[in-house]
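Open the model in a viewer and keep the selection tool at hand. The stops below go from one part of the chain to the next.

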Amino acid sequence: MAAIHDLIFALAVFASLLLRHAKGDGFLLLNYYQETCPNLEEIVSDATADILAIDVTLAPSLLRLFFHDCFVRGCEGSVLLNSTASNEAEKDAEPNLTLAGFPEIDLVKARVEEQCPGVVSCADILALVARDSVAQVGGPNYLVPLGRRDGVVSYASEAIANLPSPSFDLTHLVNNFASKGLDLLDLLVLSAAHTIGFAHCASFSNRLYNFSATSYTDPSLDPHYAKILQAKCPPNQDFDGNPMDYITPVVFDHYYFNLVSSNKGLFQSDAALLNDPLLMQYIETHKTNVSDYLSFFEDFGVSMLKMGSIQVLTGNEGEIRKICSLVNT
Ligand code: HEM
């Protein structure tokens with residue numbers, strides 16, 4: 001499966017350099033801002049480092065923000081827009097109420113604007129900050145083609161319709177990812193982003209109490225781990241500090257595969273990945289072997305490149321927002 005992914009990687013980079021996106025007039029390019037903002041990557045990387053130096057737990061939040069942007073209307077910054085008197089935006093939809101990192105994106109945008117006013121989209125800034133967040137907590141420093149433009153609409157209803165639920169089974173997950181042009185391996189390696197970050201009890205407490213008519217706790221969850229989680233999450237009490245990878249919660253590594261393999265993935269959506277034989281094989285190989293774990297980093301970069309290309313706006317579409325939370329007037 002890794003060899004196929006290598007080939008896809010080469011083709012995806014090639015495609016990103018040469019091919020038109022279905023909806024746009026333009027391209028995503030690795031050197032898109034070479035003339036207009038040559039120091040962009042350095043500015044964003046430095047700003048991200050400053051943010052993570054104050055609070056490293058924002059690394060997972062900033063990565064998740066990009067995922068939630070791309071899955072709703074594509075990677076065009078709609079998740080960053082505020083609601084208005086007449087419209088409830090994505091940001092205020094239920095699955096997005098646990099997002100964090102919005103002020104930090106504003107901060108990076110302000111730093112970019114100081115040096116390159118009116119040139120760089122919020123969508124591209126989000127793509128770069130997500131990559132730098134991953135890289136700065138030990139993950140891969142994958143390439144990010146640029147040239148996305150910012151959308152001008154954002155609907156809460158679309159976030160609810162498009163974002164996968166943590167209680168999804170494998171079929172729902174596969175269909176959801178397929179609707180975004182992402183395949184089975186993308187589903188697995190992108191889910192492995194759960195090697196960093198924290199969750200609210202509410203995101204998995206259905207697995208701990210009255211799970212089904214036949215089983216009080218989710219049988220796909222390790223019973224000893226279920227007890228630990230019950231102690232942290234008593235019924236009807238929420239708490240937002242549950243690490244998804246309790247061994248190294250803010251190091252981007254391969255421990256996610258260890259956890260899922262031993263039935264300690266936090267969400268049903270993590271556990272569901274074991275139900276496919278090919279995915280199970282990938283999980284088993286990548287949980288121990290260092291060279292295979294490095295191939296996970298490569299696979300993650302490929303899948304992020306694919307996710308980062310979903311329905312992008314290019315050319316004359318959309319706009320370059322001045323402030324990431326507001327459309328230009
Ligand atoms: C496969 C479907 C997925 C589901 C069902 C899912 C669901 C969730 C849920 C419920 C949380 C916890 C929210 C909370 O309780 O605060 C979470 C956290 C997180 N997710 Fe996912 N996720 C999925 C895929 C992804 C992908 C594709 C990425 C990125 C590539 C990602 C990155 C993260 C990160 C980094 C966090 C931690 C956020 C933080 O600490 O602030 N997830 N996810």
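Start at the boundary between domain 1 and domain 2 of this predicted model, where about 960 Å² of area is buried. Carbon and sulfur atoms give 84% of that area. Select Pro60, Val137 and Pro140 next: these three supply 41% of the area that domain 1 buries against domain 2, more than any other three residues.

At the boundary, 12 residues of domain 1 are in contact with 11 residues of domain 2. A search for salt bridges across this interface finds zero.

Now move to the largest pocket, which holds about 1200 Å³ of space. Select Arg64, His68, Thr98, His194 and Phe267: of the 46 lining residues, these are the closest to the pocket centre. Domain 1 and domain 2 each give at least three residues to the lining.

Which helix supplies the largest share of the lining? Select H3, residues 58-70; seven lining residues come from H3. Other elements that supply at least two residues each include helix H6 (156-162), helix H7 (170-178), helix H8 (184-191) and strand S1 (198-199).

Last, colour the lining of the largest pocket by residue class: 27 residues are nonpolar, 14 are polar and five are charged.

Notes: Residues numbered from 1 in each chain as written. Predicted model: local features only at pLDDT ≥ 70, side-chain atom pairs only at ≥ 80, totals over all residues. Heavy atoms only, no water. 1 Å grid on protein atoms, 1.4 Å probe; cavity = no way out; pocket = protein on both sides within 12 Å on 5 of 7 lines; lining within 4 Å. Points joined across faces, edges and corners; volume = space filled by probe spheres on them. Helix = DSSP H or I, 4+ residues; strand = E, 2+ residues; numbered from the N terminus. Nonpolar A, V, L, I, M, F, W, Y, C, P; charged D, E, K, R; others polar. Domains from an automatic or database assignment. Contact = heavy atoms within 4.5 Å. Buried area = accessible area lost by both parts, 1.4 Å probe. Salt bridge = Lys/Arg side-chain N within 4 Å of Asp/Glu carboxyl O.
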